Amino acid sequence: MNGAHDLGGMHGFGPIDPDPNEPIFAHEWERRCFAITLAAAFTKRWNLDMSRHARERMKPDEYLSTGYYEHWLHGLETLLVESGLISVQEIEARMRGDLSRASPVPDAPAAMNADQVLAAFAQGSSVSVPTERSPRFRLGDRVRARNHHPIGHTRLPRYARGRCGIVRECRGAHIFADTNAQGLGKGEGEHLYNVEFTAEELWGEGAVARDVVRLDLWEPHLESV
Amino acid sequence: MAVKTCGSIARMSSDHHHHHHHHDSGSHDEPRLCDTELRVRALESLLVEKGLVDPAALDAIIENYETRVGPRNGARVVAKAWTDPQYRQRLLEDATSAIAELGFQGRQGEHTQVVVNDERVHNLVVCTLCSCYPWPTLGLPPTWYKSAPYRARAVSDPRGVLKEFGLRIPDEVEIRVWDSTAEMRYLVLPRRPAGTEDLDEEALAALVTRDAMIGVGIVESPNPPEAARRGQGDGR
């Protein structure tokens, strides 16, 4: 979707302004938001791509006027409500200080304990998918990123659409984020490529000829030239 | 589901007054809980009561990412690559496995590639669409990495971005920006500074900064004399 999250190439945000002494979390609520977001994902009612998409669906003006963990909070609340684990009414009641009992979740998955959670983090979750299908593109091929504007999740940023680049890496099949975000299952994956675009191709006049941008794009994002 | 904020509108707004005091803005809000704080508390209490999350797991998650995972991990990888040519080769061929040899692995580091800075190429890492970052080696990303100014400009004006971090890259050096659009995560292997021939791995690791492993910094010589700094050829 062409949301406010797709920031590459935008102007007007001002200087980057790094704070060398910032703590890992600026507020206690950020710390709690981070932890409940990671822990709630173990309910397996959504995947990482659905989670990204839930943050992207924030209204553009809200997205741009809030910080990272507010995006996470919005995403988590959206996923909890859409998956039926928590209702909007329950959240609003709690926020008003009404502590009436939370309604139980039928078939609730057992919460992971601390050891299980840490083991799962250490294990990670590979997105490589074994495939018999051969890749459509090879190293050195010239490709064009599709010019499409899907209303759902996509990992093809606007600034690269319609632009031509060169395949620099063939990475094998990975779970395709764009369809995985629809919650339709991991599928068979799609071949993933690292594609190099020159700064001139992306940004035109005034770009430094030598500079390049590398993107990881899946086969359905690409066309032969 | 409107999200009202505490503090961050002032921090993120486009007129951006160069105030760095976001901690202060938080403490002003402390006496009355803001909407965001109330919402986080509501979600946490509901998740716990419904048996969907274990409070002890929340504490373990926070402790893990505040104390065990961070850029010192990545610095060890870099120092080992500088001192052990065979390790460097393994790291460039299969970074995920080579990094796991040092005990760093897992979430947001499942598919890692190490990209090498040299006299011809300077690498810079960004995620324009969200804020993908190699957690096992660098920890959680700093605020600026997640912010709109960096995500907007790292791809379109990398030299301007680097200038803001105090780095001037000569025109003959290619800037290669890695936009983390899939589950690949990138760690920059910075150039080893001159004057460090006698340092061991641990002393070298102490020189390596988070910013150098993102590509917005370089690794400085320890106590560099002015002449050596200029002669280093590291891009200024």
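Analyst: Helices (H or I, at least four residues) and strands (E, at least two) are taken here as DSSP runs, numbered from the N terminus. The model is a predicted one, in which local features need pLDDT of at least 70 and side-chain atom pairs count only at pLDDT 80 or more, while totals for chains, interfaces and linings use all residues. Residues are numbered from 1 along each chain as its sequence is written, chains are lettered from A and ligands numbered from 1 in the order in which they are written, and side-chain values use heavy atoms, with hydrogens and water left out.

User: How many helices and strands does chain A have?

Analyst: Read along the sequence, chain A follows the pattern α-α-α-α-α-α-β-β-α-β-α-β-β. Its C-alpha trace spans about 60 × 45 × 35 Å along the principal axes. The count for chain A is 8 helices and 5 strands.

User: How far apart do the C-alpha centres of domain 1 and domain 2 of chain A lie?

Analyst: Domain bounds come from an automatic or database domain assignment, which for chain A gives domain 1 (28-123) and domain 2 (142-224). Between the C-alpha centres of these two domains of chain A the distance is 29 Å.

User: How many residue pairs in polar contact does the rule find across the interface of domain 1 and domain 2 of chain A?

Analyst: A salt bridge is a side-chain nitrogen of Lys or Arg within 4 Å of a carboxyl oxygen of Asp or Glu, and across this interface of domain 1 and domain 2 of chain A the rule finds 0 of them. A polar contact is a pair of N or O atoms within 3.5 Å, where within protein one must be able to donate a hydrogen and the other to accept it, and residues adjacent in sequence count only if both atoms are side-chain atoms. With both residues at pLDDT 80 or more, the number of pairs in polar contact between domain 1 and domain 2 of chain A is 3.

User: What is the area buried between chain A and chain B?

Analyst: With contact meaning heavy atoms within 4.5 Å, 98 residues from chain A and 94 residues from chain B take part. Carbon and sulfur atoms give 63% of the area buried between chain A and chain B, which is about 8,700 Å².

User: Which residues of chain A lose the most area to chain B?

Analyst: Together, the three in question make up 9% of what the side of chain A buries. They are Ile16(A), Met95(A) and Arg155(A).

User: Which residue of chain B forms a salt bridge with Asp211(A)?

Analyst: Side chains of opposite charge can pair when their charged atoms come close. Across the interface of chain A and chain B the rule finds 7 salt bridges, and in the one that involves Asp211(A) the closest N and O atoms are 2.8 Å apart. The partner of Asp211(A) is Arg159(B).

User: Which strand of chain B is joined to strand 4 of chain A?

Analyst: Two strands pair if DSSP finds at least two bridges between them. Here 4 bridges link strand 4 (residues 212-218) of chain A to its parallel partner, and Leu215(A) stands opposite Asp179(B). That partner in chain B is strand 3 (residues 174-179).

Conventions. Buried area = accessible area lost by both parts, 1.4 Å probe.
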